[in-house]
Amino acid sequence: MNGSPLLLFPKWIQKVVVQSKELTLVLKKSEYLLPALEILKDHSTTQFKMLIDLTAVDYPSRESRFEVVYHLLSLQQNKRIRVKVECTETTQIESVTHLYPSANWFERETWDMFGICFLNHPDLRRILTDYGFEGHPLRRNHRSRSINRGRSVSSSAPHSERPR
């Protein structure tokens, strides 16, 4: 890319990682997310007009437990970029649905699976689990992650005899 976007907003960047020819920007604060994504989407040298994925990673031992990860694509530049922002269980991340309509489903999925709240989302409700479901199943401490720990399940045992 000519005229790196890093020159446009260096004070917002905590860390830059280049791995396998892909660039990852880790933002210092969640409030820098919207302006950073607006620049990446609209600046003539970047043109990251497609949000191809949005997810999160849970690190329970960290002070900022979650990383919210945005994967963007620039068809004009034929480049991908990953933008990460850290947040706690109580941090509300601003919704990016007005910038990227595809974020609607991704933010709902991230809310449902991890419990990360997206402020100003047009319809933030469960999308994969049942409405009566308790908790967020992709959190590392969710009770469903410990159901079969410590038990071995033999693949040769009939289904009716396997531990549940």
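Begin by selecting T129, which is found in the segment after β7; helices (H or I, at least four residues) and strands (E, at least two) are DSSP runs, numbered from the N terminus. At 17% relative accessibility, T129 counts as buried, where buried means under 20% relative accessible area, exposed over 50%, and partly exposed in between (1.4 Å probe, protein chains only). The model on the screen is predicted, so local features need pLDDT of at least 70 and side-chain atom pairs count only at pLDDT 80 or more, while totals for chains, interfaces and linings use all residues. Residues are numbered from 1 along each chain as its sequence is written, and side-chain values use heavy atoms, with hydrogens and water left out.

Stay with T129 and display its surroundings: leaving aside residues up to four places away in sequence, T129 touches D112, M113 and P137, contact meaning heavy atoms within 4.5 Å. The side chain of T129 makes a polar contact of 2.6 Å with the side chain of D112, and another polar contact, of 3.0 Å, joins the side chains of T129 and R126. A polar contact is a pair of N or O atoms within 3.5 Å; within protein, one must be able to donate a hydrogen and the other to accept it, and residues adjacent in sequence count only if both atoms are side-chain atoms.

Next, select R126 and D112 together, since they form a salt bridge whose closest N and O atoms are 2.4 Å apart; a salt bridge is a side-chain nitrogen of Lys or Arg within 4 Å of a carboxyl oxygen of Asp or Glu. R126 lies in the segment after β7 and D112 in helix α2 (residues 103–114), so this pair ties together parts that are 14 residues apart in sequence. Both R126 and D112 are buried.

How many salt bridges does a search of the whole structure find? The search finds 9, and one of them joins E22 to R82, with the closest N and O atoms 3.0 Å apart. E22 lies in strand β2 (residues 22–27) and R82 in strand β5 (residues 79–87), so the pair ties together parts that are 60 residues apart in sequence. E22 is partly exposed at 29% relative accessibility, and R82 is partly exposed at 22%.

Move on to E86 and R62, a salt bridge with its closest N and O atoms 3.7 Å apart. This pair links distant parts of the chain, with E86 in strand β5 and R62 in the loop between β3 (50–58) and β4 (66–74), 24 residues apart.

For the aromatic rings, select W12 and Y32. Rings of Phe, Tyr and Trp (its six-membered ring) pair if their centres lie within 6.5 Å, and planes under 30 degrees apart count as stacked, over 60 as edge-to-face and the rest as tilted; by this rule the count comes to 3 aromatic pairs. The ring centres of W12 and Y32 are 5.8 Å apart and their planes are at 20°, so the pair is stacked.

Finish with F66 and F114, an edge-to-face aromatic pair at 6.3 Å centre to centre, with 80° between the planes. F66 lies in strand β4 and F114 in helix α2, so the pair ties together parts that are 48 residues apart in sequence. Both F66 and F114 are buried.
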